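Please keep the sequence and the 3D view open while reading.

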Amino acid sequence: RARTVSVLFFCACKTESVVGDMDRRFSCPSPVKELTAEGSDFYNDEESFKTFCSTIEADENVQKIDLSDTKFQWSQVKPLCALLAKKPNITELDVSDNKLVRFDGLVYLGEYLKSDPCPPLTRLNLSSNEIDEEDILAFVDCLLEHDNIQHLQLDSNKPFTSVSTHGLCNLLVNTTSLVELSLNDLMLDNEAAHVLGESVMHNSTITSLSLAINVIEWEGGGHLGEMLMVNKALHMLDLSFNRMRAEGVSSLLTQEVAERNTALTSLNIANNFVMGIDHIGGIPINLKSLNMNTNNINVPGACKLSKVLENEKCQLQRLYLVHNLIGNDGACVLCDALNNNTMLRILDLTDNMITLDGAMYITAMLCTNTTLQRMHLGQNEIGVNGWSLLENAVDQFLGLTFLEVRHCGLKKSGEARIGEKNHLLVDYGSESETEESDEESEEEDED
């Protein structure tokens, strides 16, 4: 009976690799909180499926079950859901990447949610299951009947149609418990942004909404901006990898939104082909985190953000500006604003064409700013001379505790603490990254 376990399992207070007989391989010295079979092949290994079910049935302490990418057989879904219905403590279930629709998996999962007594399930991941509009409509009815779900992920299913979106909006309007909703990679368009915006506008429970990797354009940005003017509950909004461009971002971040929205604390609008933000009206008054990576905002965009940072009411603590072509002039205006800013804690200027002059501005700013703790300058062209400026002034830095300078032509690797009191941790990158950088420099010299 001895064999090596083919399915990975659980983590509680500690995780163990178990090799032994069938009765021992799911044992754990402390109460099991999470049981996972992620990446297992239940389709070709019926024995593993049966053992996994036996473990669920035997352990009363299991609260989280991860069944992502386990390749269910059609005959396994129904008994598994029936088994889950008998367990009173399961609060989290991940069945992503299983193509459940093919095996009527959503039907059985819906029956599980409607079982009596009502399951305590609060977190459900249904991503990558080929769910279509009919499945959404049927499953929304189950979710409304089981109004305990607080965290729902539907990413990367079949593209949402108008029917799918309106069905989901029925859930948003009527739910009393949903807190986090993730709708990434579903081909959501401007119409979807419109109806979702209207549904979330007066919702008082949802605090996190993710609409990344969709096809929302500038009109959709306007609809979501209207939602932000009214909504008083949403804390996190992710719109990265859409197509809003400058017009959409300007419609999203109007002066009215900046003045009236007091709930939003985190906004991600990275990779939206923005090409400039000089027409935005401002940012929500309590915004703590802003991600504008890969939008080519250039120097005018940096100037606009510098005015935001100079505002005494600005609450921004984390600003991500990776790959935005701001250059030395952009670095200069941002540093001028940060000389008197006392809120920002993290600034990411990775890959922004910053050279020796930019390093000089940054060095001077770090000697006056008392609150900036982490700074990322990787993939810039500060070189050895720029690094010398920073390194020689380290003991005068007033707040900085971490500095990342990967791929900056320094021919150093690893992490090191520098300064008289070793107070600054510097990340130079791995040795392989340094070797690649050296090879690229040699090729450029040859050319």
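## Salt bridges

A salt bridge is a side-chain nitrogen of Lys or Arg within 4 Å of a carboxyl oxygen of Asp or Glu. Side chains of opposite charge can pair when their charged atoms come close. The model described here is predicted, so local features need pLDDT of at least 70 and side-chain atom pairs count only at pLDDT 80 or more, while totals for chains, interfaces and linings use all residues. Residues are numbered from 1 along each chain as its sequence is written, and side-chain values use heavy atoms, with hydrogens and water left out.

The structure contains five salt bridges. One of them joins R123 to E92, with the closest N and O atoms 3.7 Å apart. This pair links distant parts of the chain, since R123 is in strand β6 (residues 123-125) and E92 is in strand β5 (residues 92-94), 31 residues apart. Strands (E, at least two residues) and helices (H or I, at least four) are DSSP runs, numbered from the N terminus. R123 has a relative accessible area of 32% and is therefore partly exposed; E92, at 22%, is partly exposed. The cut-offs are under 20% for buried, over 50% for exposed and in between for partly exposed, with a 1.4 Å probe and protein chains only.

Another salt bridge is formed by D427 and R406, at 3.0 Å from N to O. D427 lies in strand β18 (residues 424-429) and R406 in the loop between β16 (402-404) and β17 (414-418), so the pair ties together parts that are 21 residues apart in sequence. D427 is buried, because its relative accessible area is 8%, whereas R406 is partly exposed at 29%. D69 and K71 also meet through their side chains, at 3.4 Å from N to O. D69 is partly exposed at 26%, and K71 is partly exposed at 37%.

## The nonpolar core

In soluble globular proteins, nonpolar side chains tend to be buried together. A nonpolar core is a set of buried Ala, Val, Leu, Ile, Met, Phe, Trp, Tyr and Cys residues joined through side-chain atoms within 4.5 Å. Which residues touch the most other members of the largest core? They are L126 and M375, in a core of 117 residues. Helix α6 (residues 190-201) gives this core its largest share, six residues.

Leaving out residues up to four places away in sequence, M375 touches L347, L349, I362, M365, L366, L400, F402, L403 and E404. Contact here means heavy atoms within 4.5 Å.

## Other buried residues

In helix α8 (residues 245-252), the buried residues are G248, V249, S250 and L252. Their cover includes α7 (218-230), α9 (255-260) and β11 (266-268).

A37 is in the loop between β3 (34-36) and α1 (46-58). Its relative accessibility is 0%, so A37 counts as buried. A37 and T70 are 33 residues apart in sequence, but 6.8 Å apart in space from C-alpha to C-alpha.

## Cysteines

How many disulfides does the structure have? A search of the whole structure finds zero, a disulfide being a pair of cysteine sulfur atoms within 2.5 Å. C169 is buried, at 6% relative accessibility, and C314 is buried, at 6%.

## A surface patch

On the surface, L356, M360 and L389 form a nonpolar patch with about 240 Å² of accessible area together. Patches are made of residues with over 30% relative accessible area and no salt bridge; like charges are joined within 9 Å, and nonpolar side chains (Val, Leu, Ile, Met, Phe, Trp, Tyr) within 5 Å. Accessible areas come from the Shrake-Rupley method with a 1.4 Å probe, and for residues only the protein chains shown count as cover. M360 is in helix α12 (residues 356-366) and counts as partly exposed at 42% relative accessibility.
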